[in-house]
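Hi,

Here is the structure I said I would pass on.

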Amino acid sequence: MSYLSIAAKLVLNVHDLNNEGSIGQSLDIRQIRMVDETGKPLEEMPAVSGRMMKHWHLEHMRRRALEVKMPLCDTCSSGQPERQATAEDELNAIQSCVICDTHGFLSTKAIKNAPRRSSCSSFSWMLPVLGTKPESKQVIHSRVTSGTAASIGTDETAQMIFHKSYASGIFAFVASIDLNRIGQTIDNRKISGDIKERRKLAIQSLLPVCLGAFGASQSHALPHAKCVGLLAALSTTEKPIPNLISPIYQKGFEESISLLESIKTGVNWWTYGDGLKNAKPNVQDVFDEIINKI
Ligand SMILES: [Zn+2]
């Protein structure tokens, strides 16, 4: 088994998935420009960057790896974003960290031929499905602080007013994992230990992303998410399969399936929802099928 490609479509209500950061006292959601299937420019719409999607996959990997005690380097176990392996060799670096293995790293060592590793996983931006119109609204929040905090300077209760943007709509993304590269260096040296467990970890950590378990403010703005369509394709040979056609397009799923059917051998695929062929009753079943095949 070598390569996994997925395409997912989700309804999200009230998410602040990709806030741009503080501008004055407001937090604005990222807006992008897109064109429709005829090339006609559309008005600005909220979207979530691929970097953010990758971050959430990594975060789910981290939590599970900590739970089941799989190896993590110090940087990855503490969830720091900059992965800079300190090992002098790619094999040592991936041996000691499942996230550095799957998500790649740079090296901080100022040495000749310092190891670096490109990511085995790729994520698109999560974009609004064409023909739909996401809603986005700025909401005023107030944070109440009471007591004698020095920042307030009085004994009174203080209220801090700030604005935050939330978006709702139907979104889609595509992602892939080069399973063959997991546990293996660029020059084909393999880690000692169970590579299959590492592949499983990377695959299973995609499931919560497909179900919408992400967001910058999960403690107080967990999105109301529902996966409405999923297509997963797994190559059964060394050959990678093409990235799936994004379900932001009206017939994205159907065209991907037709492409996969034309390949005939060396690929398995499964679906959920959206009136798709051979659809499984739930998203978990699609992931169970993938795991069974690797
Ligand atoms: Zn690491």
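The crossing of H1 and H5 is right-handed. Bear in mind that this is a predicted model. H1 covers residues 50–68 and H5 covers residues 195–204. Their axes lie 9 Å apart, and the helices pack at an angle of about 130°.

Which residues bring the two helices together? From H1 there are Met 61, Arg 64 and Ala 65, and these meet Leu 201, Ala 202 and Gln 204 in H5. Sorted by type, the residues of this contact come out as 4 nonpolar, 1 polar and 1 charged.

The other spot I looked at is Ile 140, which sits in strand E10 (residues 135–145). Is Ile 140 buried or exposed? Ile 140 has 10 other C-beta atoms within 10 Å, and a residue counts as exposed at 12 or fewer, so Ile 140 is exposed. Ile 161 is 21 residues away from Ile 140 in sequence, yet their C-alpha atoms are 6.9 Å apart in space.

As for the chain overall, it has 8 helices and 14 strands. Of its 294 residues, 38% count as buried. If you take contacts between residues at least 6 apart in sequence, 69% of them join residues at least 24 apart.

Cheers

How values were computed
Residues numbered from 1 in each chain as written. Predicted model: local features only at pLDDT ≥ 70, side-chain atom pairs only at ≥ 80, totals over all residues. Helix = DSSP H or I, 4+ residues; strand = E, 2+ residues; numbered from the N terminus. Buried ≥ 20, exposed ≤ 12 C-beta atoms within 10 Å, placed from the backbone. Contact = placed C-beta atoms within 7 Å. Axes fitted to C-alpha atoms, helices over the stretch in contact; angles between N-to-C directions. Left-handed = near helix turned anticlockwise from the far one by under 90°. Nonpolar A, V, L, I, M, F, W, Y, C, P; charged D, E, K, R; others polar.
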